[in-house]
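Let's take a walk through this protein together. Have a look at the picture below, and then we'll go through it piece by piece.

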Amino acid sequence: MTDLDQLTQSLARNLKHWRAERGYTLDALAARAGVSRGMIIQIEQARTNPSVGTTVKIADALGVSITTLLDYEQGPQVRIVAPDEAVRLWSTEAGSFTTLLVGAEAPGPYELWDWRLMPGDNSTSDPHPPGTVELIHVRSGTLTLIVDGEEYTVPAGASATFEAKVAHGYRNDGTEPVEMTMSVSIPLAR
């Protein structure tokens with residue numbers, strides 16, 4: 001990869017990061033920066049090398065330095081959560097549980113969960129804020145997913161996603177434990 005390619009990739013990554021961090025739509029950033037929406041799309045997709053003037057306008061609109069936009073030495077921040085640091089938030093006497101494995105702000109809360117539902121157990125949830133999305137991957141057993149009163153069967157190896165703005169729940173109607181991984185993305189409150 002050439003230096004120019006690396007710079008183009010860094011600019012694309014950093015522009016996406018800072019636009020999301022600021023909560024700007026493509027149109028909002030374009031208007032603030034005085035550049036076209038198409039130019040921002042091309043930059044975010046690493047399909048163009050904008051002029052220094054365009055890059056300065058975008059940096060100013062985001063409230064960051066041009067150095068911050070072009071910085072490729074600054075790798076992503078990594079946080080390791082050891083198994084004994086994960087937080088168990090729910091459990092039953094039968095052995096069902098949920099454990100919050102890791103979370104982040106991206107730009108709103110983003111969580112990764114480990115679940116076990118023992119046969120006959122269930123867990124229900126009130127609606128989350130509009131825009132909240134849950135993604136589930138069932139590792140073993142067969143999950144009955146209930147979303148807004150409708151039941152869905154999710155067998156081992158399958159995945160599901162849904163907007164969690166309605167009442168929803170998880171149930172194990174089978175004879176073996178359901179083990180699943182869930183991620184939850186909650187939009188930033190405006």
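**A guided tour**

Let's start at G149, which is exposed, with a relative accessible area of 67%. Here, buried means under 20% relative accessible area, exposed over 50%, and partly exposed in between, using a 1.4 Å probe and protein chains only. You'll find G149 in the loop between β6 and β7. Its C-alpha is 9.0 Å from that of G169, and the two residues are 20 apart in sequence. D148 is found in that β6–β7 loop as well. D148 counts as exposed, at 57% relative accessibility, and has a positive phi of about 55° although it is not a glycine.

A word on what you're looking at: this is a predicted model, in which local features need pLDDT of at least 70 and side-chain atom pairs count only at pLDDT 80 or more, while totals for chains, interfaces and linings use all residues. Residues are numbered from 1 along each chain as its sequence is written, and side-chain values use heavy atoms, with hydrogens and water left out.

Now step back. The protein has five helices and 10 strands; these are DSSP runs numbered from the N terminus, with helices (H or I) of at least four residues and strands (E) of at least two. Of the 190 residues in the protein, 33% are buried. Take the contacts (heavy atoms within 4.5 Å) between residues at least 6 apart in sequence: 61% of them join residues at least 24 apart.

On to the helices. Helix α1 covers residues 3–22, so 20 residues, and reaches 28 Å from its first C-alpha to its last, close to the 28 Å expected at 1.5 Å a residue (the expected span is 1.5 Å times one less than the number of residues). Its buried residues are T8, S10, L11, A12, N14, L15 and R19. What covers them includes α2 (26–33), α3 (37–44), α4 (52–62) and α5 (66–70). Just after α1, G23 takes a positive phi of about 75°. Further along, in the loop between α3 and α4, sits A46. A46 has a positive phi too, near 55°, in a residue other than glycine, and at 22% relative accessibility it counts as partly exposed.

Next, the strands. Strands of a sheet pair through backbone hydrogen bonds, either parallel or antiparallel. In this model, an open sheet of four strands runs in the order β4-β9-β6-β7, with antiparallel pairing; two strands pair if DSSP finds at least two bridges between them. Its edge strands, β4 (122–125) and β7 (150–155), each pair on one side only. Strand β6 (residues 142–147) pairs with β7 over six bridges, and V147 stands opposite E150 in β7.

What does S183 touch? Leaving out residues up to four places away in sequence, S183 touches Y110, E111, L112, V133, E134 and L135. S183 belongs to strand β10 (residues 178–185) and is buried, with a relative accessible area of 10%.
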